[in-house]
Amino acid sequence: MPDASPSLPAGLPPAITTLSALVALLPHGVVYYHPVYDDGGQVIDFRFAYLNSAAQRMLGVSQVPTRTYTEQFPASRTNGDLAFHLATYASDKPGHCELSYQIDGYDYSFRVEAQRVDELLLATLTDTTTPAHLPAEATLRETKTQAEQPPIAAAVVPSPTTEPSELNALKKELRLLKQELETREEQHMTEVQAAHAEAERERNVLQAVLAQAPVGIGVFQGEQQVVTAASDLLCAMWGYVPEQVIGQPLLVGVPELRGQGFTELMQEVARTGVPISGTEVPAELLVNGQVQTTYHNFVYQPFYDTDGKLLGVLNVSIDVTEQILVRQQLQAQERQTQLLNEELQAANEEIRANNDELTYTQIQLRQLNKDLEARVQTQMQDVLRAQSETEAQRQLLHDVLHQAPVAIAYLEGADYCIQIANPTVCELWARPESLLLGQPLLDALPELQGQGVDTLLDGVLHSGVPYEGTELPFRLLRHGQLETIYFNFVYQPQRTAQGQMNGVLVVAHDVTEQVRARQRLEAQERQTRQLNEELTTNNAKLEHTQAELRELNDQLETRVQERTQELAAATQRVTQEREGFYQILEQTPAAICILRGPEHRISYQNPTHIRMYGGRNSVGRPVVEGMADTEVHGYTAMLDTVYTTGETTYGYEVPYEVTEVEGGPASQAYFNSTFSAYRENGEIVGVSTFAYDVTEQVMARRQVQQLNENLQAINTELSLTNGQLTRTNVDLDNFIYSASHDLKAPISNIEGLLRLLREDLLPAAGQTDEDVTALLTRMQDAVERFKRTIEHLTDVSKLQLEFSRPAVSTDLAPVLEDVRQDLQPLLMESGGQLTVDVAACPTLVISEKNLRSILYNLISNALKYHYPDRVPRVHISCHTEGNRHVLRVQDNGLGLSEGQQAKLFGLFQRLHTHVEGTGVGLYMVKKMVENVGGVLSVESQVGEGSTFVASFPA
């Protein structure tokens, strides 16, 4: 709160005139109250210290009521009004409330805002009631009636025939009249003195209002806009103290405003008498000693004395820099979020790629397992030794089959009896092997009835064409409950020696966890788009693997045929089996290692396992050789448990330190591993390990999780920011509505007063006076312009509501023809020519009302602002560019400079003053185009004409 009110400098009219006119411009009621104390020093009521004219009208009281607040409004004791004023005065903080009163038989509603100022209480009143009558007209009519009554003295003029007794009576009446006149003169003098005292008090109060108003207020006079009054808040907006600017021309006191166009606007207001307002207008001003861009909502209002003479220009300004910067930050955050969403799109693609990789790996294992019987080759010199070796290899194949992390089963015959079921498939089906082998599939798993499994198997068995299923759901009875399990699987038909189909090999992998994880990610898929580049290498590897698998499949078909021809050659068959087994172990992408003895020495490791250990062949060495001491203990204990108990151990996403080159740096990788007892002749002789690299899946999932966490934080912040922006927009809409609503009542009063003055109060002689008539006409025109401005404000507020409505398509040609008919008088008056070429764009995505408004504004402007020395020509065309419809309105009019083009679409911007307008039309045209996703621009050269280009989505 300022320490003192600013004084008004010399050069102004009397202070009471200036300040009273200033307050009269405010649409709100302003009231100052003195507190009323009881004997204990507590505030119990308030006395009226000052009321401006708006407050007097709203409350229906005189300028200084003699009664206290509660005496004037007894209901204030019970409706919370008095309690609000007492609490606000005691708290020393601003407060507001909504109140209702009945005044002169009418119900009124007010919004009251109050704050303690020194020892007084300052309150502002906003009338929120729609008035149902115009009391000003009734008051003027009553005043006119009283003015037309004859004066009192006319009743006491004696006639020539008056008798002496009558004369004495008349003299007595004259004495009484004289006494009455003297009494009235004394009362008049008393009232004059009281008025002077009241004027001085009102001056002090109004100076306090000027200093404490929540908006910047200033008064400028003369051609150089000398600052004759400025509130502390306005000076603070300029970056100066009042002593530095008051009494100085504006551009001398605030040199930063040079070249920014504000003084030119003030000159325009002083010249035309038409107020100019601006919304979110940028200005370069001092902020903390440095020139920065600030934003302001302002009104430049002509300022008159009681005789109607222009005193200067009144400026009411609000600094909205903080709101603009917040909105700009929100827009930047929205753009950043949009970029983030685009970058996160590929997350789901990564999951799909991982699933594809698993599917291809499973197919490879299926092919490799089937190829075991066809590819084992050996040269047997001793049949018994060869058979022993073959048996050992078959046992190893059996172990690999039963230890494989994929489900494998063989179904034979038309009823699909289960002949082979490895432990993985038994675990998936939740049945022991003893209840499965030899049983038809649908008898062993009755819950599969009706799920289409038999249909798929029939198709494979009858057609001989393998079937691959990806992420197919099946309902299985597990642990006493039906569960939905997702599988990637292959049904491979099997043939007899004669080529007859006799069974189906099933290779399946449980992908339930991946599917459910992806389903959770798909719920966020709209917000995640990234991680595509990291999978390029994997795609190349997978393509290479696919090529190998296709080659293996071709080889398998050939060898199956060879096997049917070579059944009689046992030695050759055994040799092929050994060779096939060796090739499988050597070429599989999984790391396979067989350890022997309690020391866990490596007896076999395939190339993938060798690469895991830096390319070092460690056959014959303990597997823990080279490991860190911290790793050896846990790893050895796990191997000992498997070796001792024979129980299989699984590891999921276990971290390992891997060296690509022996002696090179180690990197961390993640593996899914299986550790099983390796048996010979039923006895445990070692441990077999089976591991495959899942590092890329783990890292990708972690990155997705981190991105999701980051996105959630951004969305939370964006949600809060959007909420604040929504509230700001609602407050702005409410302000525009309230401003237009509050201005309608005063304008209606003024219009009624003008009508009453013209029709009833103005003498007949005055009605024929050209100066009086011209003055009344200008006043009526000013009222009409003000009403149009209010209507335009209302239209601007409605544009935001139209933004949320669904887009519709409108035929362009019929609307354009209607506009041509409406503008026919203007075309004839100006001699203008209008040509049309819009066949390429039959429809535009915009409402008919808005399209009509756009065309009407652009064409009428082209005709009104035509070049005076040539016939106006307007050409309208429309064509398609990509996925946009481009509408062009071209004229040969005055044209616009680059500086004018920069201001063209601003609210209340008028670039030519020789044609009447409000500066709202092109602003609304731009908003209508942008509300449907369009863009509006202008191409212009001074003296040659302008082309307005509106681009709409197709």
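In which helix do glutamate 817 and arginine 820 both lie? Both residues belong to helix α25 (residues 812-822), three residues apart, or about one turn of the helix; helices (H or I, at least four residues) and strands (E, at least two) are DSSP runs, numbered from the N terminus. The model is predicted, so local features need pLDDT of at least 70 and side-chain atom pairs count only at pLDDT 80 or more, whereas totals for chains, interfaces and linings use all residues. Residues are numbered from 1 along each chain as its sequence is written, and side-chain values use heavy atoms, with hydrogens and water left out.

**Salt bridges overall**
- The structure holds twelve salt bridges, each a side-chain nitrogen of Lys or Arg within 4 Å of a carboxyl oxygen of Asp or Glu.

**Within helix α25**
- Glutamate 817 and arginine 820 form a salt bridge, at 3.3 Å from N to O.
- Glutamate 817 is partly exposed at 34% relative accessibility (buried means under 20% relative accessible area, exposed over 50%, partly exposed in between; 1.4 Å probe, protein chains only).
- Arginine 820 is also partly exposed, at 24%.

- Arginine 701 pairs with glutamate 653 in a salt bridge whose closest N and O atoms are 2.8 Å apart.
- This pair links helix α22 (residues 695-761), which holds arginine 701, to strand β18 (residues 649-659), which holds glutamate 653, 48 residues apart.
- Arginine 701 is partly exposed at 34% relative accessibility, and glutamate 653 is partly exposed at 32%.

**Between two strands**
- Glutamate 939 forms a salt bridge with arginine 888, with the closest N and O atoms 3.7 Å apart.
- Glutamate 939 lies in strand β26 (residues 935-941) and arginine 888 in strand β25 (residues 884-891), so the pair ties together parts 51 residues apart in sequence.
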